[in-house]
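Please consult the sequence and model shown here alongside the text.

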Amino acid sequence: MRETSYNYRKNFGLLFVFFAFVTLLYLVVIFAARNYTVNHIDNEFTNRKSEIFDQTLVPFNDFFQNRIPEVSFYQGYLDSLEAGKYSYSVLSSYPFVKQIAFYDMLFSNDNRELTGFSINGLNIRPKTLSIFTITKRGLNKRYITKREEMGPYNDELNNMGIKVASYIDKLQSSSKLTDRDILQIFYSSQPGRITYLNIPRITDLLVYKDIMDRKLDQIVNYEQDMFVFSLDPTVLDIKNIYPNLYEKIEVVPIVRAPVTSEIKEYITEMPLPGALADYKLLFHSSESFISKEVNRSFFPIVIGISLVYLILLVILYLIYRNLEINGRLFKLQYDFINNLTHEFKTPVSVIKIAGNNIKSAQYLSDDERIMYGNILDQESDRLNNLMNKLLSFSQIENKTIKLKKEEIDLNSFVDNIVASTQLKHTDFRISKEINVKSSLLADPVLLTSVFQNLIDNAYKYSDQKRKILDIKIQQNKKNFVIIFKDEGIGISKNEFTNIFKKFYRIKSQYNQQGSIGLGLAFCKEITEFMGGEISVKSEVGKGTTFTLIFSV
């Protein structure tokens, strides 16, 4: 009859599909993450410029909103000395202000003076004009008092005069100056310069209106101050708070044409406001520079994705290893069942045959009766020993067995085991050497099982002409050392880690039938259960040595 082969089904195809799917998903996610990072950096390059723009214009906004209005505190009575102090403070604090022109002016109805700006009887003329610049040596001053030298600076005077006169012409006695009026009338912002007339009091403005309406008979003169701030946007301090995005930022004329380059660049721009409107902020980054930022941002993403991918691969490996372990366990258990079946089948068959012979025999002689009795007794003991071994192993693993320790006289204990073994195996030569000073505290039943298993193995795995076993027991201050040394076939070193595992059998011509792979595992479990240790040394073809160690 052909023997049926049983295999544990391992669905490696499903594992391969899972691996391929996870790998494909990993590559797709990496690709998508790369595209996302590139798009994100592109958007950042376009959007983050506004923050740099705001930071760069902080000094300009402070100058326009806070420092220029300080002139109004003087109520129009600055002289050239005070104007110089104020100008030095501004020029030294704001490098983009390259020059300040200070007009010390008179608003009057004295039409005998033909200089300056005149409309409807209101005459606006400068008494002096002071030009301030700053150098490494400090404040540089230039004063213009001659009317003919003021010509190049009259445009600002005329423009301001027209705005003020237009406002005064519409002024009512109940009118009040609003912030909007102040910004529109007394400020003039043009590309490259800001003009500021210090804000007159409303009463002074009403007097100016009376002058324009010809209501005053006497000559009146009112002092006013005007500053013209010339600006150079190219010296603005650019606050590049994103050096990872923008390789170069510069202030350039707004009409400057793009510069062509062989190197591919990312370029964006923002026009400057107000008096800086002739210029813009130009942001440059080369493709290689942006690529570095893309790689820097992409690196932690790819690390995270790869970590998840590795975790999935580890899970896949654990599933694979579990399948392998389950396969081995299946094989071990299948072999165990087969071997256990043979173990039970042989004595059961012998008992059945003996029983049938006894049943069918009409007469049994004394010799036959004794023979059949011995057969039934031996096979029953064989079955009983097998059942006890399985039961004890199960109890030890489930921790339901109770340890019954007794004082064991090792001399008589070993003598009894050796005597019973030699009755069973007359060709087995066993020598013993016992050198102890006291008794061993252990469970005698369990210890007998260990001795019997090791002795049976020594007999089973030895050639017919070399069935030899030496048993040595020694005692030192700490331990009892029990040594079983045979001259059998030996065990390969690569089997040392497996021989104490359940259901494991070494493949050899000595182990084809009758072993269920529990003997050494049973010895190890019992020895450790009693608080001892077991170890093995062996050389193939020369023999094996098992060593038991128990505490004194």
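Five strands form an open sheet in the order 12-14-15-17-16, and their pairing is mixed. The model is predicted: local features need pLDDT of at least 70 and side-chain atom pairs pLDDT 80 or more, while totals for chains, interfaces and linings use all residues. Residues are numbered from 1 along each chain as its sequence is written, and side-chain values use heavy atoms, without hydrogens and water.

**Sheet**
- Strand 12 (429-435) and strand 16 (533-539) are the edge strands, each pairing on one side only; pairing requires at least two DSSP bridges between two strands.
- From one strand to the next, the twist averages 10°, with axes fitted to C-alpha atoms and angles running from 0 to 180 degrees between N-to-C directions.
- Strand 14 (residues 468-475) and strand 15 (residues 479-486) are joined by 7 bridges in the antiparallel sense.
- Asp470 lies opposite Lys485 of strand 15.

**Helices on the strands**
- Helix 10 (residues 410-424) packs on the sheet and touches strand 12, strand 14 and strand 15, contact being heavy atoms within 4.5 Å.
- The direction of helix 10 makes about 180° with that of strand 12.
- Helix 12 (residues 519-529) lies across strand 16 and strand 17 (543-551), at about 145° to strand 16.
- Helices (H or I, at least four residues) and strands (E, at least two) are DSSP runs, numbered from the N terminus.

**Helix 2**
- Lys49, Ile52, Phe53 and Thr56 of helix 2 (residues 49-56) are buried, that is, under 20% relative accessible area with a 1.4 Å probe, protein chains only.
- These residues cover an arc of only 105° around the axis, which puts them on the same side of helix 2; the arc is taken from the directions from the helix axis to the C-beta atoms.
- The buried residues of helix 2 pack against helix 1 (12-47), helix 3 (58-67), strand 8 (248-253), strand 9 (265-271) and strand 10 (279-286).

Methods
Buried < 20%, exposed > 50% of the residue type's maximum accessible area, 1.4 Å probe, protein only.
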